[in-house]
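Me: I have a structure open and would like to go through it with you. Could you take my questions one by one?

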Amino acid sequence: PFASFLLFSPGPLPEMHQMMRQTCRDYADRELAPIAGKLDKEHLFPAQQVHELGSMGVMAVEVPEELGGAGMDYLAYALAVEEISRGCGSTGCVVSVNNSLYIGPILKFGTQEQKEQWITPFTTGEKVGCFALSEPGNGSDAGAASTSARQEGDEWVLNGTKAWITNSWDASAVVVFASTDKSLKHKGISAFLVPMPHPGLSLGKKEDKLGIRATSTANIILDDCRIPLGNMLGSPGAGFKIAMQTLDSGRIGIASQALGIAQAALDCAADYAHKRTAFGAPIGKLQAVQFKLADMAVAVESARLLTWKAAMLKDAKKPFTKEAAMAKLAASEAATFCSHQSIQVLGGMGYVTDMPAERHYRDARITEIYEGTSEIQRLVIAGQLLKENAP
Amino acid sequence: MSRVLVGVKRVIDYAVKVRVKPDHSGVVTDGVKHSMNPFCEIAVEEAVKLKEKKLFKEVVAVSCGPAQATETIRTALAMGCDRGIHVEVTGKDYESLGPLQVSKIFAALAKKEEASLVILGKQAIDDDCNQTGQMTAALLDWPQGTFASEVEIEGDKVKVVREIDGGLETIKINMPAVVTADLRLNTPRYATLPNIMKAKKKKIANMKPADLGVDIVSRLEVLRVDEPPTRLAGVKVETVDDLVAKLKESGTI
């Protein structure tokens, strides 16, 4: 196995993970951080950067080499997403969605043929995928999906609307969840692979978001969208299970994105504390500022350890649902906390676009919402705890 | 005409603020971030590019230093070098290791490995010596193309465009030769994740200077290291006459 060290050895990360983390950090520092402000301001999809990250293997970290990926483990993936997000929160989101939400379920539930057709072209950064579960009528209530799929001859015909789909305007394929039998409720949902563009599939207007503005988010409208029977992913009725398992892993990706944003906010505040003087000394000398920095550091580091633990459990093929939910909850709340405090440390400078603090604040906010709201994470954690403690 | 030797040095990272040790014997290196010397990165990139053009069969990355030097070699392997050689130098020997000893090691290795080309960074960002390439060439009695901003192989010769004070100088030298890389030679690639994985399997040979018959005793003794004096604020003057007066007053003219 790639990560062959003990869970929570007190020493440093294995050499390959350190090198991988360093190359992602170098890329983020040199290529992403300098343009992140512009990408955000102009709502620009970072196509060239996604391409470059693809050629570095970052768009398909866990995919085996034979399929065109980097062949690394989930811990490596978590490290990569954090470093990329530290440079640009939007780019980190694109990386996470492609790896965890699009490639993830196909890698786990797809046939060899589906993997070659739907994963390999999406490893290079030339194409990205997306994941369509939420609908205008249901987000947290994923089992109530009303998008339908009926069989007609040798085709599936999909009808319905999916909402809040990240990467939609830039994607070349989507994993869509639709019900083949509404009477079975969540057990009637199946997963389907749909190329983009495709007849019968259209996109709603791009949402005008508070943050992660370099990503495109829109509705996907399916109107008698016809796909071959072979485009079902996994078995009929397995869709809900596929979605939930995909989100379990996806949570580690979003936790990592949140960590990157939180760390960037902390770095910004710490740097400012050295340079800004007030009352005759750098503001870093003031206890009020020191306490904020300390609280921020604890929030980030504890969320990071939770994230790494979840990733390592997944790599060791042990259950990780509870830990992934804890990581996502902790990291997203750390991101909003750190970015809030970072603006406070910067004062007026934190409120203007000259400094990245305001962008971190706006980027952080979504991490408490997508891929399972903080409230859903709490339900997942409590559910696992109560199961463990059942008499 | 098959093998390129590339030297890579582990130095304090360029972004780190270097601090002098309280006893003034050197700079603080414990717990400080280190990385590959930027000019060595450029050297590695050039060597790998030459191999990708099929002009050479093998690129060997060499580093002299303690155990951590293997990290730097591993990065070179992740950039595309085929194998590495770690020449182990530790403790006080490492603190006193300088260009003369390193060039003796490189000269010995260049002969042992039958290298056609040795590519080094023009200088290291810690000591700024800019000597190792030149000394290595002299010890081998090989031609040298230093401060290279362009390298082209033409048969058994190397055309090197050198960045010099007056502009650019183009020379053609016979191989085997030593080339040192300057800033504008190329833009080093990022180590890709698949190449980092492949680097795991590449071999790094371990040896000591004595195995190469090299004596690394230093002829130099560092007496004291100090930080540069704090830069004082300047003084503004109104006229040229005032300026000349001030310069005379300070003894500058």
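Me: How do the residues lining the largest cavity divide into nonpolar, polar and charged?
Reply: In this predicted model, the lining of the largest cavity has five nonpolar, three polar and one charged residue, where Ala, Val, Leu, Ile, Met, Phe, Trp, Tyr, Cys and Pro count as nonpolar, Asp, Glu, Lys and Arg as charged, and the others, Gly among them, as polar. A cavity here is a set of points, on a 1 Å grid over the protein atoms alone, where a 1.4 Å probe fits but cannot get out, and lining residues have an atom within 4 Å of a point.

Me: Which helix gives the largest share of that lining?
Reply: The largest share, five residues, comes from α4(A), and the lining includes A:Asn99, A:Ser100 and A:Ile103. Helices (H or I, at least four residues) and strands (E, at least two) are DSSP runs, numbered from the N terminus.

Me: And what volume does the largest cavity have?
Reply: Its volume is about 60 Å³, taken as the space filled by probe spheres set on grid points that are joined across faces, edges and corners.

Me: Switching topic, how many residues does each chain bring to the contact?
Reply: Chain A brings 21 residues and chain B brings 15 residues, with contact meaning heavy atoms within 4.5 Å.

Me: Which residues of chain A lose the most area to chain B?
Reply: They are A:Met16, A:Met19 and A:Met56, together 31% of what that side buries. The two chains bury about 1,600 Å² between them, 66% of it on carbon and sulfur atoms, and buried area is the accessible area (1.4 Å probe) that two parts lose on being put together, summed over both.

Me: Where is the salt bridge?
Reply: The side chains of A:Glu15 and B:Arg74 form a salt bridge at 3.6 Å, N to O, the rule being a side-chain nitrogen of Lys or Arg within 4 Å of a carboxyl oxygen of Asp or Glu.

Me: Which helix supplies the largest share of the side of chain A that touches chain B?
Reply: That is helix α1 (residues 15–41) of chain A, with 10 residues.

Me: How should I read the numbering and the limits?
Reply: Residues are numbered from 1 along each chain as its sequence is written, and chains are lettered from A and ligands numbered from 1 in the order in which they are written. Local features need pLDDT of at least 70, side-chain atom pairs count only at pLDDT 80 or more, totals for chains, interfaces and linings use all residues, and side-chain values use heavy atoms, with hydrogens and water left out.

Conventions. On a 1 Å grid over the protein atoms alone, a cavity is a set of points where a 1.4 Å probe fits but cannot get out, and a pocket is an open set with protein on both sides within 12 Å along at least five of seven lines; lining residues have an atom within 4 Å of a point.
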